[in-house]
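Below are some notes for a colleague who is opening this structure for the first time. They take the ligand site, then a pair of helices, then a sheet.

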Amino acid sequence: MEPTPCALLEHEPLAPHLFWRIGGPADLYAEPRTEAELLHCLRLARDRRLPVLALGGGSNLLVADGGFRGLAIAYQNQEEDQAIRGDRMRVRIGAGALLAPTGRRLSRLGWAGLEWAEGIPGTLGGAVAGNAGAYGGDIASALHAVEVLADAERFERWNLADCAFGYRKSRFGAIGATSAFISAVTFLLRAEDPERLAARMQAIGQERKAKTPAGLSCGSVFKNPEGASAGRLIEQAGLKGLEEGPAQVSPLHANYIVNRGGATADQVRRLIARIRAAVEKECGIRLEPEVRMIGFDPPQS
Ligand SMILES: Cc1cc2nc3c(=O)[nH]c(=O)nc-3n(C[C@H](O)[C@H](O)[C@H](O)COP(=O)(O)OP(=O)(O)OC[C@H]3O[C@@H](n4cnc5c(N)ncnc54)[C@H](O)[C@@H]3O)c2cc1C
């Protein structure tokens, strides 16, 4: 495939692209729409030796106040191909499509496998990178294959074993978007009564509404440690309502940090560090962030 040029923006503020509405600019920013444009962007980054940040919906990212020194790529492709055989459907969708609306649309057509995703923001690419999940499901369980642009060279098809999925993790987190940028995903879905699917998704939606704090957040900040709930540990350590400026541990759900307006990335980073230290002291457990932290010096994890 020949690369097709794609417009690049300089010093693009990233905060408007991120759910916390926090974070400085990217040196360069692009929104490729096709595989050929994506190839152009990644080749350019490779040739100029620029780090690449794959930006999905920005619902699981904390970018430093100083921004990102490299090329942020928000891949937009949402093209879809379906192949139905009996009561199974294989559907291939561009990684820029949104997760929850995709699940909702397919379930209305009677295809089951993504109902658990109701209410989870972000794109298919971001969901695969973090193996997003909820209510007993996760994206790995619905996947058949993932297509990646590897080393800015070639499009490859990876099966589930290649992706090394685990609880809220995958190989993509470890190797980064420069080595493997997710370009498309193929789900294997099964036929089910659309009304039953709709009822399940409505129940999930209602439960989420009741439990999810309003306001600017990135969902759960920490992964649940084995056999425990990060939110309950944070609550147990007495940290609900803890503040660093306008960044606050949600009084409704202790695993959420809410930006009440004007919080900085450094305030959120400090709050995360205080929570980890306090939970370790009180409960003897070191919490691992689920949120990806980008552009910090030294790197945060
Ligand atoms: C209110 C709220 C509720 C949430 N509830 C849940 C929940 O129940 N379960 C859950 O798992 N998560 C939840 N989240 C977190 C978040 O929505 C998910 O992690 C989501 O899948 C992230 O997708 P995204 O497109 O926004 O990714 P981003 O935040 O943009 O990126 C996340 C990571 O994926 C990488 N990435 C993105 N696209 C690509 C690509 N094409 N190729 C390679 N790497 C890529 C990024 O570089 C980054 O490392 C919630 C968030 C919010 C705000």
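1. Helices here are DSSP runs of H or I with at least four residues, strands are runs of E with at least two, and both are numbered from the N terminus. The model itself is predicted.

2. Which element gives the most to the shell around the ligand? That is α3, with 4 residues. In total 33 residues surround the ligand, and G56, G122, G125, G126 and G219 are the closest. Two or more residues of the shell come from each of β3 (52-54), α3 (124-129), β9 (133-134), α6 (171-179) and β13 (180-191).

3. By residue class, the shell around the ligand holds 18 nonpolar, 14 polar and 1 charged.

4. The chain is divided into three parts: domain 1 (8-73), domain 2 (80-211) and domain 3 (230-294).

5. A pair of packed helices comes next. Two packed helices are described by the angle between their axes and the distance between the axes. For helix α2 (residues 99-108) and helix α7 (residues 194-211), the angle is about 150 degrees and the axes are 8 Å apart. Angles over 145 degrees count as roughly antiparallel, and α2 and α7 are therefore roughly antiparallel to each other.

6. On the α2 side, the contact with α7 is made by R104, S107 and R108. On the α7 side, P194, L197, A198 and M201 take part. The residues of this contact of α2 with α7 divide into 4 nonpolar, 1 polar and 2 charged.

7. The last topic is a sheet. Strands of a sheet pair through backbone hydrogen bonds, either parallel or antiparallel. An open sheet of 3 strands is found in the order β14-β15-β16, and its pairing is antiparallel. Why is one side of β14 and of β16 left without a neighbour in the sheet? β14 (243-244) and β16 (257-259) stand at the edges and each has a single partner strand, so one side of each has no neighbour there.

8. β14 is joined to strand β15 (residues 247-249) by 2 bridges, and these strands run antiparallel. E243 has Q248 in β15 as its bridge partner. Helix α9 (residues 265-283) lies across β14, β15 and β16, and runs at about 25 degrees to β15.

How values were computed
Residues are numbered from 1 along each chain as its sequence is written. This is a predicted model: local features need pLDDT of at least 70, side-chain atom pairs count only at pLDDT 80 or more; totals for chains, interfaces and linings use all residues. A residue is near a molecule or strand if its C-beta atom, placed from the backbone, lies within 6 Å of it. Ala, Val, Leu, Ile, Met, Phe, Trp, Tyr, Cys and Pro count as nonpolar, Asp, Glu, Lys and Arg as charged, and the others, Gly among them, as polar. Domain bounds come from an automatic or database domain assignment. Axes are lines fitted to C-alpha atoms, for helices over the stretch in contact, and angles run from 0 to 180 degrees between N-to-C directions. Angles under 35 degrees count as roughly parallel, over 145 as roughly antiparallel, 65 to 115 as roughly perpendicular and the rest as oblique. Two residues are in contact if their C-beta atoms, placed from the backbone, lie within 7 Å. Two strands pair if DSSP finds at least two bridges between them.
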